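Thanks for coming. I will go through one model today, starting with the strands and ending with the core.

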Amino acid sequence: MRIVLYLPILFCLVACAPEARWPQETSIQTASPADAPVPEAIASAVDWWMTHEPTARSNGPVEVYLAPSLAAANTRLASLLPSCTIVDTDNGIAVAVRAVRMHHSSAQIDLDTPRPERGRQLITLDMQKYVLTPWQVTGANWWRFNNNQLKRITNEAVTASLAKPAEEATSTATAESDNE
């Protein structure tokens, strides 16, 4: 009898995603992007992009780059996307996964994608997952930026994400010295 009562709870725990984001906004977050269902959501987003971009596979396997905050998911993502190549550097021709935001059974994933003869395209995918189903894209916002704007925005985001840990370390050191 007890097993029957715990099964719905078990299914909910397996199907639900952590409530987290990468790059992280605070150091309090303990979830890792290597944990399920983050790599599955990223793989579904890349698969969706490959079906919606007619030239995606024109130059061979699609290269996928994960932002440094998501690098822990590289190994799992490689097994989920066998037709893609996971690369360690942002070489300009790879699909770059810039950010992932998870909230229970929904996710938002920011892809920075190559577009032949047009430069890069930033896409935010809204995704949903239900119990015993794969991730599904429920909406897409194709942001309109030119290359200069995209470089500036990316550089600002990288600078801000690198500055956060330094600010947190400084505030922690200040708090510790105040307590002495």
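Two strands count as paired if DSSP finds at least two bridges between them. The strands themselves are DSSP runs of E with at least two residues, helices are runs of H or I with at least four, and both are numbered from the N terminus. This is a predicted model: local features need pLDDT of at least 70, side-chain atom pairs count only at pLDDT 80 or more, and totals for chains, interfaces and linings use all residues. Residues are numbered from 1 along each chain as its sequence is written, and side-chain values use heavy atoms, with hydrogens and water left out.

The protein has four helices and seven strands, in the order α-β-α-β-α-β-β-β-β-β-α.

Take S6 as the reference strand. Seven bridges join S6 to S7, residues 136-143, in an antiparallel arrangement; there Leu-125 faces Ala-140 of S7. S5 and S6 are also antiparallel, over ten bridges, with Gln-108 bridged to Asp-126 in S6. The S5-S6 hairpin has three residues between its strands, and Glu-117 in that hairpin has a positive phi near 65 degrees. Eight of the ten residues of S6 are buried, meaning under 20% relative accessible area with a 1.4 Å probe, protein chains only.

Now the core, defined as buried Ala, Val, Leu, Ile, Met, Phe, Trp, Tyr and Cys residues joined through side-chain atoms within 4.5 Å. The largest nonpolar core has 32 residues, and Ile-109 is among those with the most contacts inside it. Helix H2 (38-52) is one of the elements giving two or more residues, and its nine are the largest share.

Conventions:
Buried < 20%, exposed > 50% of the residue type's maximum accessible area, 1.4 Å probe, protein only.
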